[in-house]
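Reader: I would like to learn how to read disulfides, aromatic pairs and strand pairing from a model. Please take them in turn.

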Amino acid sequence: MLGICLCLSVAVRLAVSQEAEAQEPVTYMCTEGYEFDFEKQICKDIDECKTVQDACKGGMKCVNHFGGYLCLPHNAQIIVSNGEDEPTTAPPVERGDVQPGLEPSYRGDYSRVIQSATHTLQCGVGFMQDSQNYCRDVNECLTSNPCQHQCYNLIGSYLCQCEVGYELASDSVSCQDIDECDFSNYMCQFQCVNQPGGYSCVCPDGYQLQGTRMCQDINECEAAHNCREEEMCWNYYGGFRCYPRNPCREPYVKTGEGRCRCQSPSVCRGLPPVIVYKYMSIFSDRSVPADIFQIQATSVYPNMVNTFTIKSGNEGGEFYLRRSSNVSAMLVMTKPLTGPREHVVDLEMVTQSNALSYRSSSLLRLTIIVGPYPF
């Protein structure tokens, strides 16, 4: 990589005064890259590598030359052939060492190849000699196109870059796919699929992709389902289930949506007079503790006391009831439930008044459908 930077010309002015009278000042002009030496009365080469701060960028090394300087890669060499079998590296040449008739010359970004009967200055790697004996940069991107993807020509070299989703291989010219799915487990909410130059996220059955990485539950009950006419469709996270529209069984009869009442007290002795059926859906492995369902009395009477208990479905200690007021309580999940599964919990509310010698109970049968995934 070779770059020749020419500095601004320096005009050296010398005013010569005579003892008797002032004469017109004498001006000495040097060509670019030289400065006037008053002691020797000659134009002397300027060492820009010492005077110009950061003369070469990008890790290049600065080599002073006649009237300018060279920016060379550290592996670049100026080879001088002196007739021997093995060429030798030429040392830096000072202005006074130039042989007669071997004036240095520069043009643009090219360096002149200086030849004589005994010495030949050859072009470095990445350059080639042109018809005018200048070392001209070789555009490898046009001549050989060594890069698999993108090639950028540099002075004396070239640089390969890869498309998005690829990285440069160890040979610095080939591109290999980046497996973005290995970066993190959170690239996608469910599953990451690597593709050439990128990746995509997929969702499980019962979900659809929302955006680029999130999964959204599909409500099959609003689209297509296979529930019969006498069944109702209940959507849960990741699927749906069919439940009977009339859940009441003998000796209960349906008196409302999901509400069953026993019509014969004698037949229902020892049984709750009313059973209410409710359904809800939760994620798998939901964080705990979590308030998931509130039970509340539908009728409020003065001097009545309501008590709430978990009648069944809590054998593993997954829930407890936190009393909110005289008329309501909150079902709290204390252990995470892993799906897919169906969990049925019976919540009993007892209403009584000691003053009126009144006691009544009702049962809420809560069916909890746990989805197969934590979303």
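**Disulfides, rings and strands**

Author: The torsion about the S-S bond of Cys203 and Cys215 is about -95 degrees, so this disulfide is left-handed. The model is predicted: local features need pLDDT of at least 70, side-chain atom pairs count only at pLDDT 80 or more, and totals for chains, interfaces and linings use all residues. Residues are numbered from 1 along each chain as its sequence is written, and side-chain values use heavy atoms, with hydrogens and water left out.

Reader: What joins Cys203 to Cys215, and where do the two residues lie?

Author: A disulfide is a covalent bond between the sulfur atoms of two cysteines. The criterion here is a pair of cysteine sulfur atoms within 2.5 Å. Cys203 and Cys215 meet it with an S to S distance of 2.1 Å. Cys203 is in the loop between strand 19 (198–202) and strand 20, while Cys215 is in strand 21, 12 residues apart. Strands are DSSP runs of E with at least two residues, helices are runs of H or I with at least four, and both are numbered from the N terminus. Both cysteines are buried; buried means under 20% relative accessible area, exposed over 50%, and partly exposed in between, with a 1.4 Å probe and protein chains only.

Reader: How many disulfides does the rule give?

Author: The count comes to 14 disulfides. Among them is the link of Cys49 to Cys62, with S to S at 2.0 Å. Its torsion is about -85 degrees, so this disulfide is left-handed. Cys49 lies in helix 1 (residues 48–51) and Cys62 in strand 6 (residues 61–65), so the bond ties together parts that are 13 residues apart in sequence. Cys49 is partly exposed at 28% relative accessibility, and Cys62 is partly exposed with a relative accessible area of 28%.

Reader: How are Phe190 and Tyr373 arranged, and why is the pair called edge-to-face?

Author: A pair of aromatic rings is described by the distance of the centres and the angle of the planes. Rings of Phe, Tyr and Trp (its six-membered ring) pair if their centres lie within 6.5 Å; planes under 30 degrees apart count as stacked, over 60 as edge-to-face and the rest as tilted. The whole structure has nine aromatic pairs. For Phe190 and Tyr373 the centres are 5.3 Å apart and the planes are at 75 degrees, so the pair is edge-to-face. Phe190 is in the loop between strand 17 (175–177) and strand 18 (191–195), and Tyr373 is in the segment after strand 32 (358–370), 183 residues apart. Phe190 is partly exposed at 33% relative accessibility, and Tyr373 is partly exposed at 23%. Phe190, Tyr207, Tyr373 and Phe375 form one aromatic cluster.

Reader: In what sense do strand 20 and strand 21 pair?

Author: Two strands pair if DSSP finds at least two bridges between them. Strand 20 (residues 207–210) and strand 21 (residues 214–217) are antiparallel over four bridges. Gln208 has Gln216 in strand 21 as its bridge partner. The hairpin has three residues between the strands, and Gly211 takes a positive phi near 75 degrees.

Reader: Which order do the strands of the six-stranded open sheet follow?

Author: The order is 24-25-26-32-31-28, with mixed pairing. Strand 24 (252–256) and strand 28 (305–312) are the edge strands, each pairing on one side only. Within this sheet, strand 25 (residues 259–262) and strand 26 (residues 274–282) are antiparallel over three bridges. Arg259 stands opposite Val276 in strand 26.
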